[in-house]
Amino acid sequence: MSEVVEKSAEPDRHPQADDENRGPGPGETPEERRNRNWAEILQELRVAQTGVQLLSAFLLALPFQNRFSTLSSGQEWLYLGVVGLAISAMGLLVTPVSMHRAMFRKKEKENLVVVANRLAQAGLALFAVAVSGVVVLIFDVTKGFTAGVVAGAVSLVMFAVLWVAVPVAIRPLATAID
C-alpha cells in the first residue's frame, strides 16, 4: 500500500523532471520518465478526444435536422469542410492509442511519446480550426456571412492565445520556479 502512495507522490517530488529537454529529475530513471510522459499524454488526449468526438457527433447529426435543407450551397460546403477537419482531428488524437497497441512491448516508448506529442499538437490545431469553422457556420446561418467570418476569426484567435501564446508566455515562469 505504501508503495502505491510513494509512486503516486513521486511526480510531485520532481517538478523539474517535467521539462522534456532536461531529462529525468533526481531519483527518476529514464524508464520512469518515459512512462510518466506517456501517462501525461494519455491524460491530455482523453480531454481532447472527448471534445472532438462530441463536436463530430454534433456535426454528423446535422444533416438529419429539418433546417439543414435550408443551407445555401456555400454553407453546405463549409459544413462538409468542418466535418472533414473534425474527423481528421479525431484521427490524429486517437492515433497514439493505435500506435501504442502496435508498438506494445517493443521498447519504443520514447519514439511513441515524441510522435504522440506531435500528433496531439496537430490534432489540437485541426480541432481549433474545426470549432472556429462551426462558429462561422452557426453565425452565418443566424446572422449572416460577415458576422460568421468575424466570429470565426475571433474564436480562432482565442484558441491561438489560449493554446499557444499563454503556454509559451508561462514557460519562462515555470523555468524560473524550478
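How close do the axes of α2 and α3 come, and at what angle do they cross?

**Before you start**

This is a predicted model, in which local features need pLDDT of at least 70, side-chain atom pairs count only at pLDDT 80 or more, and totals for chains, interfaces and linings use all residues. Residues are numbered from 1 along each chain as its sequence is written, and side-chain values use heavy atoms, with hydrogens and water left out.

**Exercise 1. Describe how α2 and α3 are arranged.**

Step 1. Start with the terms. Helices (H or I, at least four residues) and strands (E, at least two) are DSSP runs, numbered from the N terminus. Axes are lines fitted to C-alpha atoms, for helices over the stretch in contact, and angles run from 0 to 180 degrees between N-to-C directions.

Step 2. Read the values: the axes of α2 and α3 come within 9 Å and cross at roughly 150°.

Step 3. Sort the angle. Under 35 degrees counts as roughly parallel, over 145 as roughly antiparallel, 65 to 115 as roughly perpendicular and the rest as oblique. So α2 and α3 are roughly antiparallel to each other.

Step 4. Find the handedness. A crossing is left-handed if the near helix is turned anticlockwise from the far one by less than a right angle, and right-handed if clockwise. Here, α2 passes α3 in a left-handed crossing.

Step 5. Look at who touches whom, where contact means heavy atoms within 4.5 Å. Among the residues that make the contact are Trp38, Leu45 and Val52 of α2, and Tyr79, Ala86 and His100 of α3.

**Exercise 2. Summarise the whole chain.**

Step 1. Count the elements: there are five helices and zero strands. Along the sequence they give the pattern α-α-α-α-α.

Step 2. Check burial. Buried means under 20% relative accessible area, exposed over 50%, and partly exposed in between (1.4 Å probe, protein chains only). Of the 178 residues in the chain, 29% are buried.

Step 3. Accessible areas come from the Shrake-Rupley method with a 1.4 Å probe, and for residues only the protein chains shown count as cover. The chain exposes about 11300 Å², and carbon and sulfur atoms supply 66% of it.

Step 4. Look at sequence distance: among contacts between residues at least 6 apart in sequence, 64% join residues at least 24 apart.

**Exercise 3. Find the residues that touch the most other members of the largest nonpolar core.**

Step 1. Recall the idea: in soluble globular proteins, nonpolar side chains tend to be buried together. A nonpolar core is a set of buried Ala, Val, Leu, Ile, Met, Phe, Trp, Tyr and Cys residues joined through side-chain atoms within 4.5 Å.

Step 2. Pick them out: Leu55, Leu59, Tyr79 and Phe127 touch the most other members of this 28-residue core.

Step 3. See where the core comes from: α2 (30-61), α3 (73-103) and α4 (109-143) each supply at least two residues. The largest share, 11 residues, is from α4.

Step 4. Zoom in on Tyr79. Leaving out residues up to four places away in sequence, Tyr79 touches Leu59, Leu60, Leu62, Pro63, Phe68 and Leu137.

**Exercise 4. Decide whether Val52, Leu85 and Ser155 are buried or partly exposed.**

Step 1. Val52 lies in α2 and is buried, because its relative accessible area is 0%. Beyond four places in sequence, Val52 contacts Ala86, Ala89, Met90, Leu93 and Phe127.

Step 2. Leu85 belongs to α3 and is partly exposed, because its relative accessibility is 23%. The C-alpha atoms of Leu85 and Phe127 are separated by 7.0 Å, although these residues are 42 apart along the chain.

Step 3. Ser155 sits in α5 (residues 145-177) and counts as buried, because its relative accessibility is 10%.
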